[in-house]
Amino acid sequence: MNNLVLSLAPKLTKLQTLVLRQDKPQLEDNAVEAIANSCHDLQDLDLSKSFKLSDRSLYALAHGCPNLTRLNISGCTSFSDHALAYLCGFCRKLKILNLCGCVKAATDYALQAIGRNCNQLQSLNLGWCEDVGDVGVMNLAYGCPDLRSLDLCGCVCITDDSVIALANGCPHLRSLGLYYCRNITDRAIYSLAQSGVKNKPGIWESMKGRYDEEGLQSLNISQCTALTPPAVQALCDTFPALHTCSGRHSLVMSGCLNLTSVHCVCAGQSHRTASSIPHPAH
């Protein structure tokens with residue numbers, strides 16, 4: 001693959017999308033440098049699982065591909081946070097960024113650079129990046145107001161402060177992953193619910209009553225064992241798109257045995273429907 005990219009990149013000067021996902025890592029820095037030197041219109045690049053790549057690749061992309069809107073470097077474990085921060089200083093049009101498993105690159109330092117430079121960001125995956133903390137997420141929340149999807153699964157250091165910042169700074173948030181974030185308490189959940197109540201009047205007016213198209217639609221709080229039923233129920237009551245019913249699990253709570261009493265809006269609807277069915281006369 002590496003030789004193929006080296007030979008083709010100079011001929012593909014108008015390329016906009018390039019997927020180089022690999023099962024066995026073959027891609028090396030010189031191939032990414034060839035892409036950066038030739039494909040200046042590149043908007044969508046997937047380098048996931050490219051274990052051989054170093055910071056050289058990110059520095060090259062920063063200078064050669066400033067129009068990137070989607071970048072997937074999940075599993076690229078050798079990238080540093082300084083190189084990622086440098087790239088974000090040049091690639092300011094990023095809307096979708098996948099850093100899942102980038103344990104060295106995804107730190108508070110890098111997230112501060114993302115929040116400072118990438119204000120169009122809509123989707124960010126930080127899964128299993130254990131060095132991510134509240135400082136980074138808070139900078140992200142206030143620097144990227146258009147954020148729609150954020151995966152913080154396995155970010156064990158974050159606390160309620162991160163979620164509160166997201167609730168206050170990201171009114172368009174639709175999907176949030178908090179799997180195994182065991183420092184999260186009811187305080188964070190109530191802040192999400194309150195943000196939904198606060199935003200609802202404007203949402204209802206703009207969406208002409210179609211409130212289920214706005215607000216949280218997906219939430220993973222599995223293994224967040226500190227949460228209690230009243231807080232999570234308040235969240236369900238605020239965001240009708242969060243479902244716990246069979247086949248529509250948009251609220252994932254596995255491992256939280258104390259939350260079995262939490263029900264989505266469907267439970268109330270089915271109860272009302274059953275009550276309204278006329279019983280046959282005896």
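Trainee: Which helices each supply at least two residues of the lining of the largest cavity?

Mentor: In this predicted model, the helices α7 (160-169) and α8 (186-207) each supply at least two residues of that lining, and α8 gives the most, with 5 residues.

Trainee: How many residues line the largest cavity, and which of them lie nearest its centre?

Mentor: The lining of the largest cavity comprises 13 residues, and those nearest the centre are Cys170, Pro171, Leu173, Ser195 and Phe239. Sorted by class, the lining has 9 nonpolar and 4 polar residues, with no charged residues.

Trainee: What volume does the largest cavity have, and how many cavities of 30 Å³ or more are counted?

Mentor: The volume of the largest cavity is about 110 Å³, and the count comes to 2 cavities of 30 Å³ or more.

Trainee: Turning to the cysteines, how many disulfides does the structure hold?

Mentor: As a general idea, a disulfide is a covalent bond that joins the sulfur atoms of two cysteines. In the present case the structure holds 0 disulfides.

Trainee: What is the case for cysteine 224, and is cysteine 224 buried or exposed?

Mentor: The sulfur of cysteine 224 is 5.7 Å from its closest cysteine sulfur, that of cysteine 181, which is again too far for a bond. Cysteine 224 is buried, its relative accessible area being 0%.

Terms used. Residues numbered from 1 in each chain as written. Predicted model: local features only at pLDDT ≥ 70, side-chain atom pairs only at ≥ 80, totals over all residues. Heavy atoms only, no water. 1 Å grid on protein atoms, 1.4 Å probe; cavity = no way out; pocket = protein on both sides within 12 Å on 5 of 7 lines; lining within 4 Å. Points joined across faces, edges and corners; volume = space filled by probe spheres on them. Helix = DSSP H or I, 4+ residues; strand = E, 2+ residues; numbered from the N terminus. Nonpolar A, V, L, I, M, F, W, Y, C, P; charged D, E, K, R; others polar. Disulfide = S-S within 2.5 Å. Buried < 20%, exposed > 50% of the residue type's maximum accessible area, 1.4 Å probe, protein only.
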